[in-house]
Amino acid sequence: MGGLNDSVITEIVLLAFSCSWEKKLFLILICSLLYLGIILGNLFILFLVIFDSHLHSPMYFLLANLSLIDVCLSSTTVPKIIKDHLHEYKVISFQDCMTQICFIHIMGGVEMVLLIAMAFDRCTAICKPLHYLKIMNPKICISFVITGWVTGVIHAMSQFLFVIKLPFCGPNKMDSFYCDFPKIIKLACTDAAKFEFIVTANSGFMSMGAFFLLILSYSFILITVQKRSSGELSKAFVTLSAHITVVFLFFTPCILLYVWPSPPPSIDKNLFIVDFAITPVMNPAIYTLQNKDIKVAIKRLFKKIPYSRLC
Ligand SMILES: *[C@@H]1O[C@H](CO)[C@@H](O)[C@H](O)[C@H]1NC(C)=O
């Protein structure tokens, strides 16, 4: 890649790490706890879905894929942020920075498509229950997952190929805990407005498009349920409102970061926690705790473990 050789910057200083020790301690603590929750929660779901044959259905395959992506998405930033706080590192090499950006956008793209696939799955189950298994056949599920990965890679690469061609010769300080397109573009020593637009158009429109599609499908589900019976509505509403909460939690930071040209630094800097640590830890909780099949599967699992019957 010629772009890399032309650039003069070899490392980037992440100013956000120069904060007070109280804030450092707080971030280390909160990030470590959330990351532990993400790993344990999501790996548990993955384990449950893979090993319990009763959970071999479209919804749970998608859920397991979502868990895997949640682990990957938070692993793009959270462990590095914890480690850098502990070692007082403030610099990241240009290559590491670009790698981090690519992984964030690949995983983010997959996550968006999976959330849409899961909404479509619920839509089908509730609105067309008799045709559910015919519509959500294994082929469709696999194509959802493949579409997710292809979308993620195209989305990340299309921006990366623009950014890598920019000349980076001047300032190398960024007020952030991690690398991302809107920030890195501001460091380019050209008129970056055109490129800012490309990133906004790509990441911004993608998050807004996915967000509206999701809100539309959940509204459609709610309207369908409401037409049937009021008893069903309240039960469905609890489940669906949890899903809608995740959608809002995941997309609000995305839209703020990519559509809003210059958010206040305090918001801008700390918003990462929501997407990389809070949503990934909420997903397993929301999709499993209210779910009868998963509860039964957990009971089945404990019955299989010797000695657990003693207590
Ligand atoms: C992801 O989804 C595909 C398609 O349904 C499925 O075959 C695969 O097992 C899932 N992956 C995991 C880790 O569950």
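Two strands count as paired when DSSP finds at least two bridges between them. With that in hand, let's look at this predicted model, starting with its sheet.

**The sheet**

Three strands make up an open sheet, ordered β2-β1-β3, and the pairing is mixed. The edge positions go to β2 (91–93) and β3 (173–174); each has a single partner strand, so one side of each is left without a neighbour in the sheet. On one flank, β1 (residues 11–14) runs parallel to β3, and two bridges join them. On the other, β1 and β2 run antiparallel, with three bridges between them.

| Residue | Bridge partner | Strand of the partner |
|---|---|---|
| Glu 11 | Ser 93 | β2 |
| Val 13 | Lys 173 | β3 |
| Leu 14 | Met 174 | β3 |

What lies across β1 and β2? That's helix α5 (residues 94–127), which runs at about 80 degrees to β2.

**Around the ligand**

Now for the ligand. The residues around it are Leu 46, Phe 61, Ala 64, Asn 65, Cys 141, Ile 142 and Val 145. Two elements, α3 (58–75) and α7 (138–163), each give two or more residues to this shell. How do the shell residues divide into nonpolar, polar and charged? Six are nonpolar, one is polar and none is charged. Asn 65 brings a polar side-chain atom to 2.2 Å from an oxygen atom of the ligand. As for cover, the ligand on its own has 360 Å² of accessible area, and the protein covers 72% of that.

**Met 206 and its contacts**

One more spot to look at is Met 206, which sits in helix α9 (residues 193–228). Which residues is Met 206 in contact with, leaving aside its neighbours within four places in sequence? They are Gly 109, Met 112, Thr 151, His 155 and Ala 201.

Notes:
Residues numbered from 1 in each chain as written. Predicted model: local features only at pLDDT ≥ 70, side-chain atom pairs only at ≥ 80, totals over all residues. Heavy atoms only, no water. Near = heavy atom within 4 Å. Polar contact = N/O pair within 3.5 Å; in protein donor to acceptor, adjacent residues only side chain to side chain. Areas by Shrake-Rupley, 256 points an atom, 1.4 Å probe, with all protein chains shown as cover. Helix = DSSP H or I, 4+ residues; strand = E, 2+ residues; numbered from the N terminus. Nonpolar A, V, L, I, M, F, W, Y, C, P; charged D, E, K, R; others polar. Contact = heavy atoms within 4.5 Å. Axes fitted to C-alpha atoms, helices over the stretch in contact; angles between N-to-C directions.
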